[in-house]
Amino acid sequence: MEAGPPPPLEPSPLPTFTEEGFTEKFLRKTRENPLVPLGCLCTVGVLAYGVICFKKGNTRRSQLMMRARVLAQGFTIVSVVGGMVATTVKSR
């Protein structure tokens, strides 16, 4: 009794992905890590206020705002790294 060749394998269908526009992707990423957009908004707000203070001649307040901007940027970087770590841990 001879064994014939094995039957051909059926290829599995390829996954389909929906097209995601900029708005949908932005909203999805914001829901995944809401601290990053908050940190960006804080950074821009502090920077704008610091520039306004500088333009008005209030150099002391302007320097204070530039230091606060550095802190806000640091918060944003920590949020990005924290989000990456959380995503990595969640995917395991």
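Biologist: How far apart do the end C-alpha atoms of residues 66-86 lie, and what percentage of the span is helix?

Modeller: A helix is a DSSP run of H or I with at least four residues, a strand a run of E with at least two, both numbered from the N terminus. Residues 66-86 are 100% helix and 0% strand, with end C-alpha atoms 30 Å apart. This is a predicted model, where local features need pLDDT of at least 70 and side-chain atom pairs pLDDT 80 or more, while totals for chains, interfaces and linings use all residues. Residues are numbered from 1 along each chain as its sequence is written, and side-chain values use heavy atoms, without hydrogens and water.

Biologist: Why does threonine 43 count as buried?

Modeller: Buried means under 20% relative accessible area, exposed over 50%, and partly exposed in between (1.4 Å probe, protein chains only). Threonine 43 has 12% relative accessibility, so it counts as buried. Threonine 43 sits in helix H2, residues 35-56.

Biologist: Which residues is threonine 43 in contact with, leaving aside neighbours within four places in sequence?

Modeller: Contact means heavy atoms within 4.5 Å. For threonine 43 these residues are Arg69, Ala72, Gln73 and Thr76.

Biologist: How many disulfides does a search of the whole structure find?

Modeller: A disulfide is a pair of cysteine sulfur atoms within 2.5 Å. The search finds zero. For cysteine 42, the closest cysteine sulfur is in cysteine 40, 9.3 Å away, which is too far for a bond. Cysteine 53 has its closest cysteine sulfur in cysteine 42, at 16 Å, also too far for a bond.

Biologist: Are cysteine 42 and cysteine 53 buried or partly exposed?

Modeller: Cysteine 42 is partly exposed, because its relative accessibility is 38%. Cysteine 53 is buried, at 6%.
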